[in-house]
Amino acid sequence: MTTVIDGKQVAASVIEAVKSATQALEADAGVRPGLAVVIVGNDPASHAYVSSKSKMAKECGFQSVQHTLPEDTSQDDLAALVAKLNADASIHGILVQLPLPKPLNSEPIIQSILPEKDVDGLHVVNAGKLATGDLEGGLVSCTPAGAMVFVRQTHGEDLSGLNAVVIGRSNLFGKPMAALLLAANATVTTAHSRTKDLPAVCRNADILVAAVGRPEMVKADWVKAGATVIDVGINRVSAPEKGEGKSKLVGDVAFGEVEKVAGVITPVPGGVGPMTIAMLMANTVIAAYRKAG
Ligand code: GUN
């Protein structure tokens, strides 16, 4: 029997823990976690993600601040906003939604966020801590941290002897995911667009994590029987079966066929997605605790 992970349910339990921690921090230290989310431009998908993040922050009892900047915002104006948020003691977490519209350059902006406020885990200090196995001292990128919760609940803390394959090598997901799996003793392969015979590499995986942004790319014959399959893709595709002009979300995994082979699988939507937001809230409350000493 294949287990389909209910990401909403797991995320809800993380959110409950965040709410309790928030109440305790306020009661004990008089500190309310503050999360600032910055969005530039008009991308509808980014606006949808950001409003869910801001809404969840409020629900957790945080001070939730959203900065919505126009498409033609200059690099200097965006940098100035980050500097202001860095200096604001009531803000413990800063998230700049990616991708930024052209011609803005995201890298200097991300690296200008104070590492202790970098709740996306993208600053080189946080990425470096993770890469060197310091899992407690920094902040870990939210989507891989969320995916790891599913891996841990399936396989436990120690992945010794298990082969893990991560498809995708982005700084936001693939690299930190591989680092987390490695830190848990898995034997890790990072596959990507230049990998030779990707299906054969994937068939070797006890834990297969797909983050490529290609709708339903991973097929049933890419998957070892009984494997744990974590789908990080969120792809909007047309869905004529729902009516003319309608669309739907699908992952990077062909769920209908892979479900029959996998031991454990995450759906899209309702798998990794809700965990990303939950782990963002967890990172923010962690940042606030550290600041409160
Ligand atoms: N765009 C898509 N996912 C993310 C994320 O986790 N963080 C940021 N900052 N931007 C994103």
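Modeller: The UniProt annotation "domain: Tetrahydrofolate dehydrogenase/cyclohydrolase catalytic", from an unreviewed entry, covers residues 5-120; UniProt positions are given in the numbering used here, feature names are shortened, and annotations may be inferred rather than shown by experiment. This is a predicted model, in which local features need pLDDT of at least 70 and side-chain atom pairs count only at pLDDT 80 or more, while totals for chains, interfaces and linings use all residues. Residues are numbered from 1 along each chain as its sequence is written.

The chain is divided into domain 1 (29-119) and domain 2 (142-274), with bounds that come from an automatic or database domain assignment. Their centres, taken over C-alpha atoms, are separated by 28 Å.

Now to the strands. Strand S8 (residues 228-231) sends Thr 228 and Ile 230 one way and Val 229 and Asp 231 the other, and all are buried. Strands (E, at least two residues) and helices (H or I, at least four) are DSSP runs, numbered from the N terminus; buried means that 20 or more other C-beta atoms, placed from the backbone, lie within 10 Å of the residue's own. S8 pairs in the parallel sense with strand S7 (residues 207-210) over 4 bridges, where pairing requires that DSSP finds at least two bridges between the strands. Asp 231 of S8 is the bridge partner of Ala 210. S8 also pairs in the parallel sense with strand S11 (residues 264-265), over 2 bridges, and there Val 264 is the bridge partner of Thr 228.

Val 209 leads on to the core. Beyond its neighbours within four places in sequence, Val 209 is in contact (C-beta atoms, placed from the backbone, within 7 Å) with Ala 147, Val 166, Ile 167, Met 177, Ile 230 and Val 232. The largest nonpolar core has 85 residues, and Leu 181, Leu 208, Val 209 and Met 281 have the most contacts inside it; such a core is a set of buried Ala, Val, Leu, Ile, Met, Phe, Trp, Tyr and Cys residues joined through C-beta atoms within 7 Å. Helix H10 gives the largest share of this core, 12 residues. Domain 1 and domain 2 both give residues to this core, so it lies between them.

Terms used
A residue is buried if 20 or more other C-beta atoms lie within 10 Å of its own, exposed if 12 or fewer, and partly exposed in between; C-beta atoms are placed from the backbone. Two residues are in contact if their C-beta atoms, placed from the backbone, lie within 7 Å.
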